[in-house]
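The following note sets out numbered points for a colleague who has the model open alongside the sequence. Please read each point against the coordinates.

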Amino acid sequence: MDNRIVRRGFERPEKRRKDERKMYVLYNPMAGNGHGEEKAREIEKKVQGQKIEYRDVTRMDAADFLARLPMEETVVLAGGDGTLNHFINRYGSSVLNRPLYFFPAGSGNDFWNDVGQNSVDGMILLNDYLKNLPVVEVKGKKSRFLNGIGYGIDGYCCEMGDQMRMQGKENVNYASIAIKGLLFHFKPASAMVTVDGVSHRYRHVWLAPTMNGRYYGGGMEVAPAQNRLNQNGTVSVVVLHCPSKLKTLMVFPSIFKGEHVKHTEMVEVLSGEEITVAFDRPTALQIDGETVTGVTEYGVMADADSTDQSVAV
């Protein structure tokens, strides 16, 4: 499906008055650190004159709503990476039989960082990006993911960030958490990484994420060569391993520009269809920003969603 806005959702149809048409914006009020609705309403600046109706997506059965809605109406999902993850895991492919657009209203917006250059009027057509998503299995539970699985200090940062939010802190600085973790709190692990049946052993592993897109963590370009729509249907695991805490600290900031991969002596990128990562001790993990604690192993199947529609949790 073309990434461009389907213009019939914005232009006057021959047999229907413009003021009878609506754009339905399904927003997540919890996105954007609790400012989801406010951010969603910024869409009015992009499509001036369009009649818009806002619906709280957390208080509705979106699949039933979309099934009843006339096809000529425009539907926009507004939120962040977590909104997209929960939406596709709850409804699966049942919501993809009509054009569905996305407007960024989150805090990290890593999906938007990856594909936002294809936007029109501040929105992007979602359908192709939500098809045939990879599936991760953690502690016996399967779920689809959109951007990536963070494992190591990235999972640790999410765990610490969650704790800070529970204590009432709204603006969490993940870069600061990472630096303090590198210096004082996070201990690297030994890891076994298996890609399409071939195993690789590493020591002093600081992070080992598996990526469907290029970005995670609110702008870290951890997998700069990863294409979420690549024809081979593969994902990439990025292993950052180094015995020197100082060198790791020096290289770590380059992740934000994707330049860490130049340090081949301490960064290895492996691509494949089936990936398993196992640490020698329990470590926090994040799935599109959602934290799972005490994880010793996770497995990913790329393009598993095309044959397994029962993975939603």
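1. I begin with helix α7, in which I153, D154, G155, Y156, C157, C158 and G161 are buried, a word that here means under 20% relative accessible area, with exposed meaning over 50% and partly exposed the range in between (1.4 Å probe, protein chains only). Helices (H or I, at least four residues) and strands (E, at least two) are DSSP runs, numbered from the N terminus. What covers these buried residues of α7 includes β8 (148-151), α8, β10 (198-207), β14 (274-287) and β15 (290-301), where contact means heavy atoms within 4.5 Å.

2. On the basis of the model, please keep in mind that it is predicted, that local features need pLDDT of at least 70 and side-chain atom pairs count only at pLDDT 80 or more, while totals for chains, interfaces and linings use all residues. Residues are numbered from 1 along each chain as its sequence is written, and side-chain values use heavy atoms, with hydrogens and water left out.

3. Just after α7, G168 takes a positive phi of about 100°.

4. How many disulfides does the model contain? With a disulfide taken as a pair of cysteine sulfur atoms within 2.5 Å, the count comes to 0. C158 is in no disulfide, and the nearest cysteine sulfur, that of C157, is 7.1 Å away; C158 is itself buried, with a relative accessible area of 11%. C242 is likewise in no disulfide, the nearest cysteine sulfur being that of C157 at 17 Å, and C242 counts as buried at 6% relative accessibility.

5. Helix α4 deserves a separate look, because 8 of its 11 residues are buried, so that it is largely enclosed by the rest of the structure. The buried residues are D81, T83, L84, N85, F87, I88, N89 and Y91, and the helix is followed by G92, whose phi is positive, near 60°.

6. The largest pocket has a volume of about 1200 Å³ and is lined by 44 residues, of which G82, S107, D288, G289 and E290 lie nearest its centre. The elements that give two or more residues to this lining are α1 (31-34), α4 (81-91), α7 (153-166) and α8 (174-185), and the largest share, 7 residues, comes from α4. For the terms, on a 1 Å grid over the protein atoms alone, a pocket is an open set of points where a 1.4 Å probe fits, with protein on both sides within 12 Å along at least five of seven lines, and lining residues have an atom within 4 Å of a point. Grid points are joined across faces, edges and corners, and a volume is the space filled by probe spheres set on the points.

7. By residue class, the lining of the largest pocket divides into 15 nonpolar, 20 polar and 9 charged residues, where Ala, Val, Leu, Ile, Met, Phe, Trp, Tyr, Cys and Pro count as nonpolar, Asp, Glu, Lys and Arg as charged, and the others, Gly among them, as polar.

8. N109, with a phi of about 55°, lies in the loop between β4 (101-104) and α5 (110-115) and is buried, with a relative accessible area of 16%. K139, also with a phi of about 55°, is found in the loop between β6 (135-138) and β7 (141-144) but is exposed, with a relative accessible area of 55%.

9. Among individual positions, K247 is placed in helix α9 (residues 245-251) and counts as partly exposed at 33% relative accessibility; leaving aside residues up to four places away in sequence, K247 touches C242, E265 and M266. E221, in the loop between β11 (210-211) and β12 (235-241), counts as buried at 12% relative accessibility, and with the same exclusion of residues up to four places away in sequence E221 touches R214, Y215, I255, F256, K257, G258 and H260.

10. Finally, P99 is found in the loop between α4 and β4 and counts as buried at 13% relative accessibility. The C-alpha atoms of P99 and D128, 29 residues apart along the chain, are separated by 9.9 Å.
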